[in-house]
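Here's a quick briefing to read alongside the sequence and the 3D view. Take it topic by topic, and keep the structure open as you go.

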Amino acid sequence: MDSCAIGLKVGLIATQRNCLLQAGGLSMNFNLLIAGIVTCFFIITPVATGQVIVQEVPKAGESFRDCPDCPDMVVIPAGSFEMGSPGNEAGRFDNEGPVHHVTISHAIALGKTKITRGQFAAFVSTTGYNAGDKCWVFHGGNKWVENKDRSWRNPGYYQDDNHPVVCVNWNDAKAYVDWLSRKTGKQYQLPSEAEWEYSARAGTTTARYWGNSADQACGYANVADQTAQVQIPRTSSWTVHNCTDGFAHTSPVRSFNPNAFGLYDMIGNVWEWVEDSWHDSYNDAPIDGSAWHGDTQHVLRGGSWDDIPQISRMAARNRNEAADRFDDFGFRIERPLP
Ligand SMILES: [Ca+2]
């Protein structure tokens, strides 16, 4: 007999379950440990007298999509981690500290990949959304210029639909998740900065999720590498990674090894907008994984195809105004879970 379904006749078989019963605005939680072997999550929602719909919520590590053409999501388990970089991490910036203990108290689902050009195109096609007709593009050295002939449709270098969308600003990313929420009936949003770093580290404490060596980046990430220095003009001043990843600009989103949570490109390819506003340090930062609001500038994380080893680290941070579009800026989405 299924203990958590007493009176509801749902007939489920499992050894440990978290059941959420919602009825008439009243929510009750049942956490039933029976044998402690398998963890299953279910939502039980009465929709009419005597009728019950049971929907399984995926477990940590499982993947799902909310519609056939929706982004692939993977469930990230709840947990705690040390956010920021320690004082002895090579190349660190002061804005990566102080290191502080953060607890993510609920599992979340994160996009396995950055939102692709094809996924963004579907959003624009459906809604008629105007994502602008100019973009800051690489000019040489450390200089970018705003070019009115560039946009997510034509960033100035080759992309197909499996490359991450670029030339999108924070407002564009917010518009995308709002649209996907309406389309699916589920809540989508940008991850908080803390959720992003927790997910990127995936239990590691090294500077990069494959270890500390920048020279090993090319097995895991599309960064500023020898390919970029050969193929992109005016990059002779770059101190590139001492390896070859094969891509000068963006790469298809599943081209490299994922991290331990099954997330691709948490370093490199394109920067990812997160929900948080910019703060110069983590003094007084939230420790519960929530987004930290304030400044008009917003945070980007992960680095991109044009970033050198000092930037291509888990703790490195970037910022820009919400309206700014660059040819190395993109985003990844989150769906909170019950
Ligand atoms: Ca590269």
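Let's start with His101, which sits in strand E8 (residues 100-104). Keep in mind that this is a predicted model. His101 has 9 C-beta neighbours inside 10 Å, so it counts as exposed. From there, the notes move on to the chain as a whole, then the sheets, a hairpin and the helices.

**Around His101**
- Which residues does His101 touch, leaving aside those up to four places away in sequence? They are Ser80, Glu82 and Ile287.
- His101 and Asp288 are 187 residues apart along the chain, yet their C-alpha atoms are separated by 9.0 Å.

**The chain overall**
- The chain has 338 residues, and buried ones make up 40% of them.
- You'll find 4 helices and 16 strands in the chain.
- Take the contacts between residues at least 6 apart in sequence: 64% of these join residues at least 24 apart.

**The antiparallel sheet with E9**
- Strand E6 (residues 73-76) pairs with strand E9 (residues 108-111) in the antiparallel sense, over 4 bridges.
- Along that pairing, Val74 stands opposite Leu110, and Ile76 stands opposite Ile108.
- E9 is also joined to E16, by 3 bridges, and the two run antiparallel. Here Ala109 has Arg335 of E16 as its bridge partner.
- A handy bit of background: side chains in a regular strand alternate between the two faces of the sheet.
- Are the faces of E9 covered or open? Both are covered, with Ile108 and Leu110 buried on one side and Ala109 and Gly111 buried on the other.

**The mixed sheet with E12**
- Another open sheet of 4 strands runs in the order E14-E13-E12-E15, and its pairing is mixed.
- Its edge strands are strand E14 (317-321) and strand E15 (329-331), each of which pairs on one side only.
- From one strand to the next, the twist averages 50 degrees.
- Strand E12 (residues 271-277) runs parallel to E15, and 3 bridges join the two. In this pairing, Trp271 stands opposite Phe329 of E15.

**The E10-E11 hairpin**
- Strand E10 (residues 135-140) and strand E11 (residues 143-147) pair over 5 bridges in the antiparallel sense.
- How many residues lie between E10 and E11 in the hairpin? There are 2, and Gly141 in the turn has a positive phi of about 60 degrees.

**Helix H1**
- Helix H1 (residues 117-127) has Arg117, Gln119, Phe120 and Phe123 as its buried residues.
- Looking down the axis of H1, you'd see these buried residues fall within an arc of 165 degrees, so they line one face of the helix.
- The face of H1 turned away from that buried side carries Ser125 and Thr126, which are exposed.
- Helix H2 (170-184) is included in what covers the buried residues of H1.
- Just after H1 comes Gly128, with a positive phi of about 75 degrees.

**Helix H3**
- How many of the residues of helix H3 (residues 193-201) are buried? The count is 9 of its 9 residues, so to speak a mostly covered helix.
- Going through H3, the buried residues are Glu193, Ala194, Glu195, Trp196, Glu197, Tyr198, Ser199, Ala200 and Arg201.
- Ala202 follows H3, and its phi is positive, near 50 degrees.

How values were computed
Residues numbered from 1 in each chain as written. Predicted model: local features only at pLDDT ≥ 70, side-chain atom pairs only at ≥ 80, totals over all residues. Pairing = 2+ DSSP bridges. Buried ≥ 20, exposed ≤ 12 C-beta atoms within 10 Å, placed from the backbone. Arc of directions from axis to C-beta. Contact = placed C-beta atoms within 7 Å. Axes fitted to C-alpha atoms, helices over the stretch in contact; angles between N-to-C directions.
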